[in-house]
Amino acid sequence: LLHEFPQFQIIEIGLFPQIDQYDRVINKCNSLNFSEIGNLVKNCTLYIGVESGFAHIANAFDVRRIILFGYYLN
């Protein structure tokens, strides 16, 4: 994503960072309250993440989204 879409900035949310830090990745893990996360997701161009509360926020605001399903940590 970083190489294919240089015009976009990537913001990581959640409890713990999972993405290696690059210049265009902003780590907001465990630093925003629920309202701030909702506002961030509401105003993003594309939400990419696991099936979670954040994904449901993106769905509620009709944000374009890619939702990932599968196994995590066993």
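A residue is called buried when its relative accessible area is under 20%, exposed when it is over 50%, and partly exposed in between (1.4 Å probe, protein chains only). The model described here is predicted, so local features need a pLDDT of at least 70 and side-chain atom pairs count only at pLDDT 80 or more, while totals for chains, interfaces and linings use all residues. Residues are numbered from 1 along each chain as its sequence is written, and side-chain values use heavy atoms, with hydrogens and water left out.

D62 counts as exposed because its relative accessibility is 62%. D62 sits in the loop between helix 2 (53–60) and strand 4 (65–68); helices (H or I, at least four residues) and strands (E, at least two) are DSSP runs, numbered from the N terminus. The phi of D62 is positive, near 55 degrees, although D62 is not a glycine. Most residues other than glycine have a negative phi. N30 also has a positive phi, of about 55 degrees, without being a glycine. The loop that holds N30 runs between strand 2 (25–27) and helix 1, and N30 is exposed, with a relative accessible area of 60%.

Next comes the empty space in the model. Rolling a probe the size of a water molecule over the atoms shows where such space is left. On a 1 Å grid over the protein atoms alone, a cavity is a set of points where a 1.4 Å probe fits but cannot get out, whereas a pocket is an open set with protein on both sides within 12 Å along at least five of seven lines; lining residues have an atom within 4 Å of a point. The largest pocket has a volume of about 1300 Å³, a volume being the space filled by probe spheres set on the points, with grid points joined across faces, edges and corners. Of the 36 residues in its lining, I11, I19, Y47, I48 and G49 are the closest to the centre. Strand 1 (10–12), helix 1 (34–42) and strand 3 (47–50) each supply at least two lining residues, and strand 3 gives the most, with four. The lining divides into 23 nonpolar, nine polar and four charged residues. In this count Ala, Val, Leu, Ile, Met, Phe, Trp, Tyr, Cys and Pro are nonpolar, Asp, Glu, Lys and Arg are charged, and the others, Gly among them, are polar.

Strand 1 also holds E12. The side chain of E12 does reach the backbone nitrogen of Q18, at 2.4 Å.

Some residue pairs link separate parts of the sequence. C44, in the loop between helix 1 and strand 3, is partly exposed at 26% relative accessibility. C44 and Q9 are 35 residues apart in sequence and 9.8 Å apart in space, C-alpha to C-alpha. G70 belongs to the segment after strand 4 and, at 66% relative accessibility, counts as exposed. From G70 to V50 there are 20 residues in sequence and 8.4 Å in space, C-alpha to C-alpha.

Definitions and conventions: A polar contact is a pair of N or O atoms within 3.5 Å; within protein, one must be able to donate a hydrogen and the other to accept it, and residues adjacent in sequence count only if both atoms are side-chain atoms.
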